Amino acid sequence: MTSAVGQVSGFRELFEILQRNVRDAGKWWPAETKFEILVGSVLTQNTTWTSVEKSLENLRKQGLLNPMRLVGAKSSELETLIRPSGFMRAKAQYLKNLTEWYIKTDARAGEIDTPTLRNSLLRVPGVGEETADDILLYAYDRPVFIFDTYARRLLAAAGLGEFRTYRQAKQVCDAAWRVEGFTVAELAIFHGLVVQAGKDARREGSWEGILRT
């Protein structure tokens with residue numbers, strides 16, 4: 001587990017520290033359409049975003065960043081196009097599963113409350129908790145915090161708790177960040193900063209510079 005290198009009072013202070021100490025992470029989630037966000041959320045499972053970008057570009061060139069065209073594509077074609085992201089056979093099926101959900105659900109998603117929409121996503125084979133929350137935050141503008149691996153390491157380094165799993169972190173910390181009044185826009189920026197901070201900490205071998213006050 002990551003050792004604490006500081007003691008931060010809460011999520012708002014942590015957000016402000018990252019804004020001071022981490023370079024601009026740019027637009028995050030990088031995508032041209034809502035559907036592309038969903039596709040990227042599957043492709044990024046267990047791989048780097050650089051690999052995802054290669055797969056997305058392959059799909060874009062073939063006109064498959066369109067839900068009706070993707071759901072009708074041959075699985076073998078999808079597997080070839082998304083090979084850079086790894087696990088292409090499983091991810092090709094996950095993409096079809098999620099695309100079917102999107103076609104059935106997107107038009108009425110605005111009428112569905114966040115917990116119900118999240119549960120609907122979690123019933124899609126291939127969509128786990130992190131993927132569901134990525135989609136909720138970036139595609140549907142719902143207020144959720146992404147407790148990915150970088151976030152859990154950062155929370156541990158900041159003295160805000162050590163969590164082995166996504167679910168554990170969410171169960172323990174959800175109430176804490178919610179009372180601090182984050183907007184959806186801030187949560188999206190927060191996640192982008194966490195991702196960049198995680199990359200910086202890995203390169204530097206420490207969270208100390210990132211968490212300096």
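Predicted model: local features only at pLDDT ≥ 70, side-chain atom pairs only at ≥ 80, totals over all residues.
Trainee: Why is Ser 51 called buried?

Mentor: Its relative accessible area is 16%, and buried means under 20%. The value for Ser 51 falls under that limit, so the residue is buried. Ser 51 is found in helix α3.

Trainee: What does Ser 51 touch, not counting residues up to four places away in sequence?

Mentor: Ser 51 touches Pro 84 and Ser 85. Contact here means heavy atoms within 4.5 Å.

Trainee: Why is Asn 46 called exposed?

Mentor: The limit for exposed is over 50%. Asn 46 has a relative accessible area of 68%, so it counts as exposed. Its place is in the loop between α2 (34-43) and α3.

Trainee: What makes the phi of Asn 46 worth a remark?

Mentor: Phi of Asn 46 is near 60°, a positive value in a residue other than glycine. Asp 141 also has a positive phi, near 55°, and is likewise a residue other than glycine.

Trainee: Is Asp 141 buried or exposed?

Mentor: Asp 141 has a relative accessible area of 53%. Exposed means over 50%, so Asp 141 is exposed. This residue sits in the loop between α8 and α9.

Trainee: How do you know where the largest pocket lies relative to domain 1 and domain 2?

Mentor: Look at the lining. Domain 1 (11-27 + 146-204) and domain 2 (34-140) both give residues to it, so the pocket lies between them. The volume of this pocket is about 600 Å³. Of its 21 lining residues, the closest to the centre are Thr 44, Thr 47, Glu 130, Asp 148 and Tyr 150.

Trainee: Which elements give two or more residues to that lining?

Mentor: They are α3 (49-61), α8 (129-138), α9 (149-157) and α11 (184-204). Helix α11 gives the most, with four residues.

Trainee: How do the lining residues divide into nonpolar, polar and charged?

Mentor: Five are nonpolar, ten polar and six charged.

Trainee: Which residues are in contact with Arg 12, leaving aside neighbours within four places in sequence?

Mentor: Arg 12 is in contact with Glu 180, Gly 181, Phe 182 and Glu 186. Arg 12 itself lies in helix α1 (residues 11-21). Its C-alpha atom is separated by 9.7 Å from that of Ala 176, 164 residues apart along the chain.

Trainee: What does the UniProt annotation cover?

Mentor: In an unreviewed entry, UniProt annotates residues 43-194 as "domain: HhH-GPD". In the model, that span is 64% helix and 0% strand, and its end C-alpha atoms lie 20 Å apart.

Methods: Residues numbered from 1 in each chain as written. Heavy atoms only, no water. 1 Å grid on protein atoms, 1.4 Å probe; cavity = no way out; pocket = protein on both sides within 12 Å on 5 of 7 lines; lining within 4 Å. Points joined across faces, edges and corners; volume = space filled by probe spheres on them. Nonpolar A, V, L, I, M, F, W, Y, C, P; charged D, E, K, R; others polar. Domains from an automatic or database assignment. Buried < 20%, exposed > 50% of the residue type's maximum accessible area, 1.4 Å probe, protein only. UniProt positions renumbered as here; feature names shortened; annotations may be inferred.
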